[in-house]
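These are my notebook entries on a structure that I consulted for the first time. I set down what I looked up, entry by entry.

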Amino acid sequence: MIKLFWIVLFMTAIAKAQVIQNDKLLHMSGSYVISSAVSSLVYNKTKNKKCSLLSGFAVSMVVGAGKEIYDRKHGNPDWNDMLANTIGSTLGLITIKIAI
């Protein structure tokens, strides 16, 4: 019975993971790369951990907001994209915080 529970749980998790749209994955991965890269560069220049993490998050969110402003005029804006940007930026910071 316990094995069946775990099998159903993993199958449900896999099925729900497929619901995330490719656009949201692109926003998350782009924000992840930007926040981690900027944080790393700023830390290498300043050796200030707090400043580097704040800079990485801020730059990533500004780029994401700029993309949404562009979409508002030329495309299809979606505030869930900003949520995906926030998640990606946070994950990038967690990665860098562990590394430095």
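**Entry 1: helix H3.** I began with the length of helix H3, residues 49-74: its 26 residues should span 38 Å at 1.5 Å a residue, and its end C-alpha atoms are 38 Å apart, which agrees. The expected span here is 1.5 Å times one less than the number of residues. Helices (H or I, at least four residues) and strands (E, at least two) are DSSP runs, numbered from the N terminus.

I note that the model is predicted: local features need pLDDT of at least 70, side-chain atom pairs count only at pLDDT 80 or more, and totals for chains, interfaces and linings use all residues. Residues are numbered from 1 along each chain as its sequence is written, and side-chain values use heavy atoms, with hydrogens and water left out.

At the start of H3, I found a side-chain oxygen of Asn-48 within 3.2 Å of the backbone nitrogen of Lys-50. I then listed the buried residues of H3, among them Ser-52, Gly-56, Ser-60, Gly-64 and Asp-71. Buried means under 20% relative accessible area, exposed over 50%, and partly exposed in between (1.4 Å probe, protein chains only). The buried residues of H3 pack against H2 and H4.

**Entry 2: the whole chain.** I counted four helices and zero strands, in the pattern α-α-α-α along the sequence. Of the 100 residues, 26% count as buried. I also looked up the contacts (heavy atoms within 4.5 Å). Among those with a separation of 6 or more, 69% join residues 24 or more positions apart.

**Entry 3: Ser-35.** Leaving aside neighbours within four places in sequence, I found Ser-35 in contact with Gly-56, Phe-57, Ser-60, Gly-88, Ser-89, Gly-92 and Leu-93. The side chain of Ser-35 reaches the backbone oxygen of Ser-89 at 3.1 Å, and a polar atom of that side chain lies 3.3 Å from the backbone oxygen of Tyr-32.

**Entry 4: salt bridges.** How many salt bridges does a search of the whole structure find? The search finds four, each being a side-chain nitrogen of Lys or Arg within 4 Å of a carboxyl oxygen of Asp or Glu.

Asp-71 and Lys-67 are separated by about one helical turn because they are four residues apart in helix H3. Asp-71 counts as buried at 9% relative accessibility, whereas Lys-67, at 37%, counts as partly exposed. Elsewhere, salt bridges that share partners join Asp-23, Lys-24, Asp-78 and Asp-81 into one network.

Lys-24 is buried at 10% relative accessibility.

**Entry 5: a nonpolar patch.** Tyr-32, Val-33, Leu-83, Ile-87, Leu-91, Ile-94 and Ile-98 make a nonpolar surface patch of about 650 Å². Patches are made of residues with over 30% relative accessible area and no salt bridge: like charges are joined within 9 Å, nonpolar side chains (Val, Leu, Ile, Met, Phe, Trp, Tyr) within 5 Å. Accessible areas come from the Shrake-Rupley method with a 1.4 Å probe; for residues, only the protein chains shown count as cover. Helix H4 (79-99) supplies the largest share, five residues. Val-33, in helix H2, counts as exposed at 51% relative accessibility.

Terms used:
A polar contact is a pair of N or O atoms within 3.5 Å; within protein, one must be able to donate a hydrogen and the other to accept it, and residues adjacent in sequence count only if both atoms are side-chain atoms.
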